[in-house]
Amino acid sequence: MCIYEIYGHIFLFIPFFIPIFVFLKKEMTMILKRILILNYKNLEQVELDFSPKMNCFIGQNGMGKTNLLDAVYYLSFCKSATNPVDSQNMMHQQDFFVIQGFYETEQGDTEEVYCGMKRRQKKQFKRNKKEYSRLSDHIGFIPLVMISPSDAELILGGSEERRRFMDVVISQYDKEYLEALIHYNKALQQRNTLLKNETSPDNELLDIWEEMMAVSGEAVYRKRCAFIEEFIPIFQSFYAHISQGKEMVNLSYESHCSRGSLLQLLRESRPKDFIMGYSLRGIHKDDLVMQLEDYPVKREGSQGQNKTYLIALKLAQFDFLRRTGSNTTPLLLLDDIFDKLDASRVEQIVKLVSGDKFGQIFMTDTNRDHLDKIMKKIEGEYKVFSVENGTIYERKEQDT
């Protein structure tokens, strides 16, 4: 069994599978200095220079705050966080969109990332004017964590949301994981196509695709196991900090692979799979069980507890990425995260993200007074921007 249930004292440890030199090496910081946006969603033309620490966007709902964060997200993941259909992210009545980011490391090195797409054409993604042959090669170069209202689906939605959470984290620091996941999904798609045939499926072809699913699927499983084992105590630590120790939380990873050979499971499942027309077993059915005081958080958690749970998950994701892979501090995007949280939990979150372990932050809110109170608790540089109907401009201190 590879179901990790860790209770009791909250602790942090150095995992066995990450070399100790990762922790001794100085962490890098990648700062988004400037962004150019044309015709992306409701942002017709935006050009902004950012603070290296905190950037706050104020505006009513529907004005474009989230779209700005989504453009920043796009430059890290080669896709939107909210709509995977690229053509639908193009501004209405326009034939193209462009997002261009100018980054700088603390050593002064500059990086330019460009994404452009014309209607009915393939998008282009470039780093320093050189186009990628595979978009997957870019993933992890600019690590990023986004916390938004849509994260509620991690608790309320199906298992695919929780698998995606694991995939997004691990693929940012482990290229082998991403490659194995791509190979598995390709084999799964081919196997499902064969299973949908009305006549008897080609058993020799099924053997081939099942073997590919088994090899790549078990590689994904092992890496998910290793990730979750380290991730749980980090997550528990963040939750305890935000809630001030009021509740105990846990995660457990469930997978068909914990039962034994995936290849054997797939072959045993063939008759049922042929009846259903798709694959019933495999890592595409994995899940994360989310618990609050030994009960499902989906059933037991209040709105405030659920939001605390999600924020702790994402901050643990941030901390994990910061110490693994490229050893680069991720960008942190906070989209309207303080709603439904009591004042003490908001204060604990603000104290956390304003600390030295966090780098550049992008935050949205609808309430200027609320944000001003938050900013008073933060030492260091920050910028405030107003967002109105897709127009974004920097507010100076004298602005009302």
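Mentor: We shall take the nonpolar cores, the surface, the salt bridges, the cysteines and the backbone in turn. Please keep in mind that this is a predicted model.

Trainee: Which residues have the most contacts inside the largest nonpolar core?

Mentor: They are Phe235, Tyr309, Leu313, Leu315 and Leu332, in a core of 74 residues. Helix H6, residues 203-243, gives the most to this core, with 17 residues.

Trainee: What is Tyr309 in contact with, leaving aside its neighbours within four places in sequence?

Mentor: With that exclusion, its partners include Ile155, Phe235, Tyr239, Val249 and Leu251. Met290 and Val297 are also among them, as are the polar residues Asn250 and Gln291.

Trainee: And what does the second core include?

Mentor: The second core is separate and has 41 residues, among them Met30, Leu75, Met90 and Cys115.

Trainee: Is Gln305 buried or exposed?

Mentor: Gln305 is buried, because its relative accessible area is 18% and the cut-off for buried is under 20%.

Trainee: Turning to the surface, which residues form a nonpolar patch there?

Mentor: Ile275, Met276 and Tyr278 form one, with about 330 Å² of accessible area together. Tyr278 sits in the loop between helix H8 (270-276) and strand S10 (287-292). Its relative accessibility is 34%, so Tyr278 counts as partly exposed.

Trainee: New topic: how many salt bridges does the structure hold?

Mentor: There are 30 salt bridges in the structure. One of them joins the side chains of Lys41 and Asp70, at 2.8 Å from N to O. This pair links distant parts of the chain: Lys41 is in the loop between strand S1 (28-40) and strand S2 (43-49), whereas Asp70 is in helix H2 (residues 65-77), 29 residues apart.

Trainee: Are Lys41 and Asp70 buried or exposed?

Mentor: Both Lys41 and Asp70 are buried. Asp167 and Arg224 form another salt bridge, with their closest N and O atoms 2.9 Å apart.

Trainee: What about Lys223? Which residue does Lys223 form a salt bridge with?

Mentor: Its partner is Glu176, and the closest N and O atoms are 3.6 Å apart. Lys223 is partly exposed, at 22% relative accessible area, and Glu176 is exposed, at 57%.

Trainee: Which residues do salt bridges with shared partners join into one network?

Mentor: The network consists of Arg191, Asp207, Glu210, Glu211, Arg267, Arg270 and Asp273.

Trainee: On to the cysteines. How many disulfides does a search of the whole structure find?

Mentor: The search finds 0 disulfides.

Trainee: Last topic, the backbone. Which residue has a positive phi of about 65 degrees although it is not a glycine?

Mentor: That is Arg120, in the loop between strand S5 (110-118) and strand S6 (124-127). Arg120 is exposed, with a relative accessible area of 75%.

Trainee: And what is phi of Asn389 near?

Mentor: Phi of Asn389 is near 50 degrees, again a positive value in a residue other than glycine. Asn389 is placed in the loop between strand S15 (382-388) and strand S16 (391-395). Its relative accessible area is 60%, so Asn389 is exposed.

Definitions and conventions
Residues numbered from 1 in each chain as written. Predicted model: local features only at pLDDT ≥ 70, side-chain atom pairs only at ≥ 80, totals over all residues. Heavy atoms only, no water. Core = buried A, V, L, I, M, F, W, Y, C linked by side-chain atoms within 4.5 Å. Buried < 20%, exposed > 50% of the residue type's maximum accessible area, 1.4 Å probe, protein only. Helix = DSSP H or I, 4+ residues; strand = E, 2+ residues; numbered from the N terminus. Contact = heavy atoms within 4.5 Å. Patch = residues over 30% accessible without salt bridge, like charges linked within 9 Å, V, L, I, M, F, W, Y side chains within 5 Å. Areas by Shrake-Rupley, 256 points an atom, 1.4 Å probe, with all protein chains shown as cover. Salt bridge = Lys/Arg side-chain N within 4 Å of Asp/Glu carboxyl O. Disulfide = S-S within 2.5 Å.
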